[in-house]
Amino acid sequence: MTTIPYYNQMHPGLQNILFFIFFLGSSACTIADTLIMKDGSVLNGKVLQQSKNTLKFKTSYAGTINVKWDQVTKLTADKAVTIMLVTDEVFSAQQISNIGDDISQIKKQDEQWHTAFKTHNVSYINPDPWRLGKGYKISANLNLSLKSQHGNTVKDEFDLDGELIFRSLTDRYTILGQLENDTSNKKTSADNWKLSGEYDYFVSKKRYYGALVYFERDKFTDLELRTVLGPLAGRQHYESEELNLSTNVGITKVYENNIKADDSDYMAFLWNIKYDQFVFDKFTQLYHRQTGIWDWEKTQKVTLNSWTGLRFPLNYGLVASTEVEWEYDSEPKQTVHKSDITYRIKLGYQW
C-alpha cells in the first residue's frame, strides 16, 4: 500500500478538510448529466431546460451553452427530467436516446428502453411549472425615460411605463401603465397617463376569452378621463421566450369625460395586437403593441395608440430600448392635431 508521508504528518483537522473537498469534487463529477452528440463529442454538465429545439446546458468549463436538440444522440441525467410534447403529453425519464428516423426512446433507472415519441415533437424539457398547471409565472418590466435641458431653452421630460403579467396554464392577468409629464420653459407641455387591466381565460392552447378595462387621461387634448370596458375574444398565435404574438377583439362601452367639451359615451369595436421577437441571436428584441377603438355610432371616429421599438438586453436584468409611440384621433378637439408622434430612449429593468 502506498502512503503519502506529507499527508500523514498533517494535522487531523486539515486532513478532514482535504478529504471533504475531495469528496465534494468526486461527487460533482458523478452527478453530472451527459450529452452525446451526433458528431461523437461528449458534454458533461447539467440539463437546465429546453424550449423547442434549443437545450440550455450548464457546464463548468463554458458556462451555460445552447445545444440543438436534433443534434443530440443521447442524454443521460442524474435525476429524471420532465419531457413535454407539442401535444401536451408529459413523460419522465433519466435517459433519452434519439435513435434516428425521428424516433426517440426513453427509460428510467432499472427499466427497459421503449419508444415514446417523435424526436421533433419534444416541445420542452424541464418546462416552467406553470406549463404543468402549477401556479403562476410572474413577469414584469419597468422603463424610465428622462431628459433635462437648461440653457436658452429650459425643458424637462419624464416618461414612465411598465407591465406586469401573471400567467398560469388556464388564465392570465395583465396590467399596463404609462405616465408622461413634460415641461418647457417652466410650463407643462405634456400631462397624460394610461392604465389598463386585462383578464384572459384560455379555453384551448391558443384561444381565450376575457375582459378589459382601460383608463386614459390627456390634459392637452381636453380629455379628463376616457373609460373603456367590455368583453373580448383572442388568440395566442405564439408564446415562447423567442416569439410572442397575440391578437384580440371586443365590443366595448366607451365613456369620455372632457375638460371643456361635452361629455360623451358610445359603443365601440376594440382591437389589440401584441408582438415581440428576439433577433440576431437574442441581441435585440423587436416589439409592437397596438390598441384601436372604432366608434359604431360615428363610424368616422377612430382612436389608435401604438408603440414600436427595439430592446437591447444588458446585464443583471437591465434593458435599453428605443421606441416610437404614435397616437391618432380622427376627430380631435379643434386645437389639437389628429396625429402625435413621440420618440423615446429608455432604460428599464425586467424579470
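A charge sits over a ring if NZ of Lys or CZ of Arg is within 6 Å of the ring centre and within 35 degrees of the ring normal.

**View 1. Two charges over rings.** The charged end of Arg 167 sits over the ring of Phe 202, 4.0 Å from the ring centre. Lys 206 does likewise over the face of Tyr 238, at 5.9 Å from the ring centre. This is a predicted model, where local features need pLDDT of at least 70 and side-chain atom pairs count only at pLDDT 80 or more, while totals for chains, interfaces and linings use all residues. Residues are numbered from 1 along each chain as its sequence is written, and side-chain values use heavy atoms, with hydrogens and water left out.

**View 2. Aromatic pairs.** The structure holds eight aromatic pairs (Phe, Tyr or six-membered Trp rings with centres within 6.5 Å; planes under 30 degrees apart count as stacked, over 60 as edge-to-face and the rest as tilted). One of them joins Phe 202 and Tyr 208, a tilted pair at 5.2 Å centre to centre with 50° between the planes. Phe 202 and Tyr 208 are both buried (under 20% relative accessible area; exposed is over 50%, partly exposed in between; 1.4 Å probe, protein chains only). Why is the pair of Trp 326 and Tyr 328 tilted? Because the planes of these two rings meet at 40°, with centres 5.9 Å apart. Trp 326 counts as partly exposed because its relative accessibility is 32%, and Tyr 328 does too, at 27%.

**View 3. A tyrosine trio.** Tyr 136, Tyr 173 and Tyr 199 form one aromatic cluster.

**View 4. The largest nonpolar core.** A nonpolar core is a set of buried Ala, Val, Leu, Ile, Met, Phe, Trp, Tyr and Cys residues joined through side-chain atoms within 4.5 Å. The largest one here has 20 residues, and those with the most contacts inside it are Leu 35, Val 67, Trp 69, Leu 75, Ile 83 and Ile 96. Elements giving it two or more residues include strand 1 (33–37), strand 2 (42–51) and strand 6 (90–100). Strand 5 supplies the largest share, six residues. Strands here are DSSP runs of E, at least two residues long, numbered from the N terminus.

**View 5. Around Ile 83, and a second core.** Leaving aside neighbours within four places in sequence, Ile 83 is in contact (heavy atoms within 4.5 Å) with residues including Val 90, Phe 91, Ile 106, Phe 117 and Tyr 124. A second, separate core of eleven residues includes Phe 202, Leu 212, Val 228 and Ala 268.

Key: Helices (H or I, at least four residues) and strands (E, at least two) are DSSP runs, numbered from the N terminus.
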